[in-house]
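The sequence and structure come first.

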Amino acid sequence: MKDAPLSTSEKNFVLQCIKQNKRLDGRKFDEFRPMEIILSSNWGGVIVCLGETKVFAQASCEVGQPKSQRPNEGLVYINVDIGPLAASNYQSGSNEVTVQVNRILEKIIKDSGCVDLESLCISSEEKVWILRVNVNILNPDGNIIDCASIAALTALLHFKRPDVTVEGEETIIHTHEERDPIPIVLHHYPISISFATFNDGEVAVADPTVIEERCSEANMIFGINSYRELCCLNLGGTTLTSTNLLLMCSNKAAHRAKFVVEKIKAVIADDANARNEGKPVGFGVAVEDGRLVAPPFERIPLKLTNLGDIQSIVLKGEFAGDIGNMENKYELPMGENTGNVKFVDDNSDSDDSIVFEDNYATSSHSGQTKTTKMETQNVNTDSDSEEEIMILENKEFV
């Protein structure tokens with residue numbers, strides 16, 4: 001497996017943004033990406049979207065023999081898979097990413113005693129239920145572990161096993177039509193919360209994207225439940241994290257875990273109500289509602305500036321006069337290639353001046369269409385620094 005090359009310019013750009021307390025997607029350091037949980041029509045199936053990171057998890061069960069050391073307990077297996085469907089640089093089978101995610105999920109779910117294994121026993125020393133949680137990474141856009149942990153926990157909460165009757169030496173497994181399925185018993189609800197550290201371990205960003213993970217110096221992964229109990233802690237990287245930063249991130253992770261678990265329970269409760277009322281459920285409903293789509297709605301990967309705060313742009317030259325005898329300020333409506341921008345005459349008292357990203361701006365007046373081509377040039381100012389100004393050229397299209 002070979003990752004796509006990351007140039008030095010890209011890495012330096014990300015690091016400079018972190019030093020200026022900015023992130024590429026416009027989030028704050030302690031802000032998480034929006035989360036969407038979509039349940040399948042089958043028990044135990046779920047798709048979790050954390051930003052553009054998407055993970056599918058499916059829980060299933062089968063009857064098997066227990067281990068000789070624990071004859072009264074069932075078994076839980078977790079399998080993580082990521083292949084060429086998720087990204088071209090991944091190959092089918094075991095790789096470094098799947099092994100790391102699989103080990104952390106086992107620590108969080110299995111080693112923490114999340115599942116009540118004794119409730120999975122059918123007949124002591126003979127038959128028990130074996131739970132399997134298959135996690136498939138659909139789109140790795142950073143922070144795969146958090147998304148996979150949420151998907152695995154949701155799959156276990158949503159899954160229901162068949163009811164069983166033991167008559168002598170015979171074991172009867174009832175279908176869902178014969179008897180209501182039985183949910184899995186969980187003692188607590190742990191998930192993972194990840195942070196990436198920068199600037200020699202002085203700064204930590206929550207829910208890092210894929211480029212932030214590759215530029216980071218170290219990472220912290222907290223396995224924590226809704227009761228603020230720490231289940232596991234994984235520290236990786238080359239920079240030692242300070243104690244104050246570690247405690248601060250653990251408090252943020254505790255609040256985040258409580259919020260995520262409450263949302264998981266709310267989604268499962270809504271799904272149960274919809275099934276009782278006979279409403280359609282599953283991935284098909286999410287596709288129709290627009291909650292589950294392949295391409296993102298917002299294709300702007302860079303949000304270092306809040307475009308909503310931009311108010312006006314100063315126009316110099318003959319462009320403002322060509323529009324007509326109007327007021328000093330001219331508003332350009334939102335279009336496909338334009339933003340919500342106000343044109344200000346030279347006589348205006350406004351001092352705002354920005355560089356608009358689009359290449360063209362179009363306005364109409366008296367039945368004529370004016371298309372303005374915008375170009376940028378570097379000029380020297382009195383402060384001996386280079387600033388970008390805008391040169392506007394009027395072109396009339398018939």
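Contact here means heavy atoms within 4.5 Å. This is a predicted model, where local features need pLDDT of at least 70, side-chain atom pairs count only at pLDDT 80 or more, and totals for chains, interfaces and linings use all residues. Residues are numbered from 1 along each chain as its sequence is written, and side-chain values use heavy atoms, with hydrogens and water left out.

**His 174**

His 174 lies in the loop between β9 (170–173) and β10 (182–183). Strands are DSSP runs of E with at least two residues, helices are runs of H or I with at least four, and both are numbered from the N terminus. Leaving out residues up to four places away in sequence, His 174 touches Pro 162, Asp 163, Val 164, Thr 165 and Arg 179. Its side chain also makes a polar contact of 2.6 Å with that of Thr 165. Such a contact is a pair of N or O atoms within 3.5 Å; within protein, one must be able to donate a hydrogen and the other to accept it, and residues adjacent in sequence count only if both atoms are side-chain atoms.

Is His 174 buried or exposed? His 174 is buried, because its relative accessible area is 12% and buried means under 20% (exposed is over 50%, partly exposed in between; 1.4 Å probe, protein chains only).

**Asn 136 and Ser 250**

Asn 136 sits in strand β6 (residues 127–139). At 25% relative accessibility, Asn 136 is partly exposed. Ser 250 belongs to helix α5 (residues 243–276).

| Residue | Contacts beyond four places in sequence | C-alpha separation |
|---|---|---|
| Asn 136 | Val 55, Phe 56, Asp 81 | Ala 148: 12 residues, 8.3 Å |
| Ser 250 | Phe 222, Ile 224 | Gly 223: 27 residues, 9.7 Å |
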